Amino acid sequence: MNAPEPAFMPAPLEAIVFDNSFAGLPENFFTRLPPAGLPDPYLVGFSPAVAGLIGLDEQEARRAMFCQVFAGNTLLPGSAPLAAVYSGHQFGVWAGQLGDGRAHLLGGLSNQLGHWEIQLKGAGKTPYSRSADGRAVLRSSIREFLCSEAMAGLGIPTTRALCIVGADLGVRREEIESAAVVTRIAESFVRFGSFEHWASREKNGELKRLADYVIDTFRPACRGFDNPYAALLADVSTRTGELMARWMAVGFMHGVMNTDNMSILGLTLDYGPFGFMEAFDAGHICNHSDDHGRYTYRNQPHVAQWNLYRLADALATLIGKPSAAHAVVDAHYGEAFESRFEQLMRAKLGLAAAHESDEDFIGETFALLQQHRPDFTLFFRTLSRLPAAVNPETQAKIDAPLRDQFIDRSACDVWLASWRARQVLTPWPDSERQAAMLAANPKYILRNWLAEAAIRQAKEKDYSELARIQLCLSKPFEEQPEFEAYAALPPDWAQGLEVSCSS
Ligand code: AMP
Ligand code: MG
């Protein structure tokens, strides 16, 4: 059989045809300005999969021109660079105007796979930089690059990352670090805060213009409703609910769920001090500046809803009144989150069908995790291989891989007995169930120590570990014997690793 035809022929950089729909908005939506670029840029990381999304031949990454373009030194024909303005609530408090302080949109393009905006992060100051330097450091760029691609591998909606370009340019953070630019690709970078910006200034024309742009470009089905703006809010409420369920099911913690970091398309957006749950603790805070624990794992679903209410407030004049807009969130968010979360948890637990006891059993599972703190990912991956029925004589041996994750093995035994009793209610042959569970419970996640290992080598200008981790995380549900070590708990050198939130 012939190999399937590619969707389109991969093309060189110069063949990118920008349509720049965002740049077609009125001039007060952004400031047009070229990126500042980087001196003598070199390639640090590259995602062939993302190149494919924008129709770019992956061989293009070998060209010197590639680094020049994605450092912001050379503009492609048709590029109309700009920094967008937005506002937002940070840590629950109105922060006023923010905007792309270190992001330059190079332009947008459309192809068979969708609409794609290409954005540089870290290519210099903009009018929205406030007192900051417009730069991003290598460390945080690697974290954003790896996590974007890891989330995509997990099947979670996210902005993508095409590449990281580095330079020997010092940037001051807690210490001097080297600068980098990460190129992000997404259907759109419009945020809840983009709407709050116009609503806070009572600029109803601009507010409507932005909503019309999002609807007509990305959500045309909303036009079929009596009030397309209410339909847009319903859509983003549903997608955000599903996104929260997906984050919670893989143990992802965003760390800075401010309204300016919430995507109108329901994508994971703006990777900063994020983390993946290791030893389970629902109260875990992955952002060192989050003194009150606003963005803990367990608070994420609640905070997302609070953020949706702020978006609803912003859209209220287009929908009718604030109470009507809040009612739209109420009608869609909770149901989307809960039903998707239950479905994902049933898949993680290998439950063949729903049962009225599921909510209680899922609660019992989280209580076990909270009390005994096994590694969240390893727990479910190990469970995936256990049989539904066991003979009492061999049980301890068969269950050992899971029991050994507990100091109090009897607590694990008690829970396993409940799990097996639950299996009887909706029986599923072991081989089928195990295959389904292995497809629902990733083996590989971006553990902090993995990102740190990639960063330490990259600081020595060795990018091979970064490339290996990226490759491994692109197939997180597959056994990859060559990457077995990446599934492990933090090694000794990484115990108590602190993640700096400066970026
Ligand atoms: P964040 O919460 O990290 O997504 O960023 C909040 C705001 O600060 C956004 O307006 C960013 O563009 C801006 N910002 C963060 N870091 C920098 C930087 N190094 N230079 C300029 N602006 C920045
Ligand atoms: Mg941000």
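Axes are lines fitted to C-alpha atoms, for helices over the stretch in contact, and the angles between their N-to-C directions run from 0 to 180 degrees. Every view below comes from a predicted model, in which local features need pLDDT of at least 70 and side-chain atom pairs count only at pLDDT 80 or more, while totals for chains, interfaces and linings use all residues. Residues are numbered from 1 along each chain as its sequence is written, chains are lettered from A and ligands numbered from 1 in the order in which they are written, and side-chain values use heavy atoms, with hydrogens and water left out.

**View 1. Helix 7 and helix 8 cross each other in a right-handed manner.** The axes of helix 7 (residues 300–319) and helix 8 (residues 322–349) come within 8 Å and cross at roughly 145°; helices here are DSSP runs of H or I with at least four residues, strands are runs of E with at least two, and both are numbered from the N terminus. A crossing is called right-handed if the near helix is turned clockwise from the far one by less than a right angle, and left-handed if anticlockwise. Among the residues of helix 7 that meet helix 8 are L308, Y309 and A312, and the helix 8 side includes V329, Y333 and F337, where contact means heavy atoms within 4.5 Å.

**View 2. The magnesium ion (ligand 2) has N261 and D270 as its protein donors.** D270 is placed in the loop between strand 11 and strand 12, and its phi is near 70°, a positive value in a residue other than glycine. Because its relative accessibility is 13%, D270 counts as buried, a word that means under 20% relative accessible area, with exposed over 50% and partly exposed in between (1.4 Å probe, protein chains only).

**View 3. T268 is found in the loop between strand 11 (252–253) and strand 12 (275–276).** T268 counts as buried because its relative accessibility is 0%. A polar atom of the T268 side chain lies 2.8 Å from the backbone oxygen of P157. Leaving aside neighbours within four places in sequence, T268 is in contact with residues including M151, W247 and H254.

Conventions:
A polar contact is a pair of N or O atoms within 3.5 Å; within protein, one must be able to donate a hydrogen and the other to accept it, and residues adjacent in sequence count only if both atoms are side-chain atoms. Donors are N, O and S atoms within 2.8 Å of the metal (3.2 Å for Na, K and Ca); water is not among the atoms, so sites may look incomplete.
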